[in-house]
Amino acid sequence: MLIGSSSVCVILGIAALATYWAWIFSLFHANVLSPFGDADLGPYLALCVIAAGSSALSMVVFALFGFRLQHVVDKAWFSVVLAVLSALMGVPALLRTFGFCLDFPASAAFWAVGALSSSFVYLKTGPFFVWLRRAKLMRCISIAFLSASILYLLAFFLDSVVGIVMIMAFPVASTLCSQAVNRRIGFGWPFVAAPTRSAYVRAVSARARDLVPAIPRTLLYTLIFGVTSYTVLNFAVAENLVVFIGVSILVSAVIFVIFALSREAEIDSDRYRMLLLPLIAIAVLPFPYVPDIYRIFFLALVVFGFTCFDAITWGDLADEIRDRKLAVYVSYAVPTVANFVGIFIGWGTGALLHATLGNAGFDTGFAVFSIVIVIALVVLLVGDLVALEKSAAAEPHADSFMEKWKSVCEDIADAHELTNQERKIYLMLVRGRNQRYIASELVISPHTVKTHTYHIYRKVGVHSQQELIDAVEARL
């Protein structure tokens, strides 16, 4: 083979993310996916709101009643069902090209079922997030995002029937790639950890309590993304500028690739998350007052900010799931609910503002809404800064302990003449890391880690990892 198994998993995972996001971006293809033709924008926007609501509903159902579903998410037959049902969103538009025009209720039914299913397509990408370390995850997300924007733009240059079929194939491809990568990854702990329904509900509730501080921020970012998306699509279709949405998404994707590839292996997620606030403010506050065509390019800033926020959030969550050996799908249920609910509320808010204020007052309504959201984000930011200051004030003792701990580890390593590679593995072992984690972190095989571990035990004069840890603690 020209590439290893790990590289195949990375390629499949990127393909799964890229095709899923291309599927989501395709909602902006009103000229391709609309079952009602170019003249009827209102009903198509209503379908988008229904799709966002169905996606949020599916995640709420999974969080509350997913005891049975979590057992079948990675089954091959379930993946086939997801792929087929998700593609239903394109059926009304495909029928229109052949002269069969469905009414709004029938089209809404197809879209609701398709969106309900496609949310589980995204859920299936969860193990790929957990499998990757943060630096590689950020880069894979950026590449997938860029690929998705290119796939989205491709539909503009194809025959209408071919474009619709290609869009319908996106969730199918994402499901197949996720299914393949999940089978290859082979986690060392089960995806499904709750043996009974009550245990499942307790696990989800516990995760909800853990994530309470992050949920409001997630809702606000996704709400901004949703309402801006509705606003831009409404304007772009009316002015026949849908292709500029694709260009703006491509621009934001290129920026994100540069951002991700220029970062060091580890990032200060809190610092970068805070830096996104002024970016979002720059994107949404002047939005109603810039020349019409430039509004679409402001979407690039919103998409970029939302994607960065999403990548950082899922990176934090993936690290926690991996380190604590949590159940993947249970742990992803709660933040995914916040994500999809926020987007739905955003699309719904845009529709409500347009319905109540009309074209004349919509800009003012959007401006007021944006100011309120930015103020709410500022309040959260101030809360984060206060919490960080309190944490920093309480850290001197912890810092001195860590310095002493490192000094003891170095003394033991020097005394027993550990090699550079053995030192790296030794430090991870005394921190309680297992051999699979060490192999992934150092990009070496588990067998190599096992061999080095044996040499470390022999040199230090211990017989287990616990004795290695006890040797350090005895000198503190």
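Start by selecting Tyr 332, which is buried at a relative accessible area of 3%; buried here means under 20% relative accessible area, exposed over 50% and partly exposed in between, with a 1.4 Å probe and protein chains only. Before you go on, note that this is a predicted model, where local features need pLDDT of at least 70, side-chain atom pairs count only at pLDDT 80 or more, and totals for chains, interfaces and linings use all residues. Residues are numbered from 1 along each chain as its sequence is written, and side-chain values use heavy atoms, leaving out hydrogens and water.

**The whole chain**

Zoom out and colour by secondary structure: the protein chain has 20 helices and zero strands. Helices (H or I, at least four residues) and strands (E, at least two) are DSSP runs, numbered from the N terminus. Of the 476 residues in the chain, 52% are buried. Contact means heavy atoms within 4.5 Å; among contacts between residues at least 6 apart in sequence, 82% join residues at least 24 apart.

**The cores**

Now select Trp 21, Trp 111, Leu 233, Ile 245, Tyr 332 and Trp 347, the residues with the most contacts inside the largest nonpolar core, which has 136 residues. Such a core is a set of buried Ala, Val, Leu, Ile, Met, Phe, Trp, Tyr and Cys residues joined through side-chain atoms within 4.5 Å. Helix α15 (residues 328-393) gives the largest share of this core, 17 residues. Apart from it lies another core, of 21 residues, including Leu 418, Ile 425, Met 428 and Val 430.

Leaving aside neighbours within four places in sequence, Ile 245 is in contact with Phe 28, Tyr 152, Val 232, Leu 233, Ala 236, Ile 296 and Leu 299.

**Aromatic rings**

Next, show the rings: the whole structure holds 19 aromatic pairs. Rings of Phe, Tyr and Trp (its six-membered ring) pair if their centres lie within 6.5 Å; planes under 30 degrees apart count as stacked, over 60 as edge-to-face and the rest as tilted. Pick Phe 25 and Tyr 152, an edge-to-face pair with 6.4 Å centre to centre and 75° between the planes. This pair links distant parts of the chain, 127 residues apart: Phe 25 is in helix α1 (residues 5-25) and Tyr 152 in helix α8 (residues 134-154). Phe 25 is buried at 6% relative accessible area, and Tyr 152 is buried at 0%.

Then return to Tyr 332, which forms a tilted pair with Phe 129, 6.4 Å centre to centre and 55° between the planes. Here too distant parts of the chain are linked, with Phe 129 in helix α7 (residues 126-131) and Tyr 332 in helix α15, 203 residues apart.

**The largest cavity**

To find the largest cavity, select Tyr 20, Trp 21, Ile 24, Phe 225 and Ile 343, which lie nearest its centre among 30 lining residues. A cavity is a set of points, on a 1 Å grid over the protein atoms alone, where a 1.4 Å probe fits but cannot get out, and lining residues have an atom within 4 Å of a point. Which helix supplies the largest share of the lining? Six residues come from α14, the largest share.

**A last stop**

Finish at Lys 124, in the loop between α6 and α7. Is Lys 124 buried or exposed? Lys 124 is buried, with a relative accessible area of 0%. Not counting residues up to four places away in sequence, Lys 124 touches Val 73, Asp 74, Ser 79, Leu 82, Thr 175, Ser 178, Gln 179, Asn 182 and Tyr 329.

Terms used. On a 1 Å grid over the protein atoms alone, a cavity is a set of points where a 1.4 Å probe fits but cannot get out, and a pocket is an open set with protein on both sides within 12 Å along at least five of seven lines; lining residues have an atom within 4 Å of a point.
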